[in-house]
Amino acid sequence: MSSIDFSDPATIAFLTDALTAAGVDGLEISRPGGQLRIVVAGNGGARISSAEATPHAPGSASAVVKAPMAGRFCVEHPAASAEPQNLPRSVSDADIVGFVGVGHILLPLRAGRSGVLTRLLAEPGALVGFGDPLVEIELPS
């Protein structure tokens, strides 16, 4: 049996549509290095969540926010008309540092750690895969 390719946005969109059509409440998939959870909400909507920022390396002073699913990486909400945020900038653990989108699903990415968002590890608009590094957060010492 072959494994599902979570680097393909069409696969995530297909799973979400299939869960909705079947009336299934959700799906959770855990693999080494990440977890994907799709929860079907009322009125045909879906919510996707995953693990937050992970330490870059043991003993390092930075953390990396990784893609919880395959899709297009956005730094700002696509509907936002505000000026883009410049780097570096301070973030709290609950701040949204970007989005990953597949079709009509847009997943906000929380910092997961307080610190300074120092750099983007993926280009805005880039197609990213499950577990790809997206942004780096410098942690306070």
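Strand β5 and strand β12 (residues 133-138) run antiparallel and are joined by 5 bridges; strands count as paired if DSSP finds at least two bridges between them. The model is predicted: local features need pLDDT of at least 70, side-chain atom pairs count only at pLDDT 80 or more, and totals for chains, interfaces and linings use all residues. Residues are numbered from 1 along each chain as its sequence is written, and side-chain values use heavy atoms, with hydrogens and water left out.

In this pairing, A63 stands opposite I137 of β12. Of the 5 residues in β5, 4 are buried (buried is under 20% relative accessible area, exposed over 50%, partly exposed in between; 1.4 Å probe, protein chains only).

The elements are DSSP runs numbered from the N terminus: helices are H or I with at least four residues, strands E with at least two.

| Element | Residues |
|---|---|
| Strand β5 | residues 62-66 |
| Helix α1 | residues 9-22 |
| Strand β1 | residues 26-31 |

Helix α1 has 14 residues and spans 20 Å from first to last C-alpha, close to the expected 20 Å, which is 1.5 Å times one less than the number of residues. Its buried residues are P9, T11, I12, L15, T16 and L19. They lie on the same side of α1 because they cover an arc of only 165° around the axis, taken from the directions from the helix axis to the C-beta atoms. F14, A21 and A22, on the other side, are exposed. G23 follows α1 and has a positive phi, near 75°.

L27 belongs to β1 and is partly exposed, at 28% relative accessible area. Its C-alpha is 8.8 Å from that of L15, 12 residues apart along the chain.
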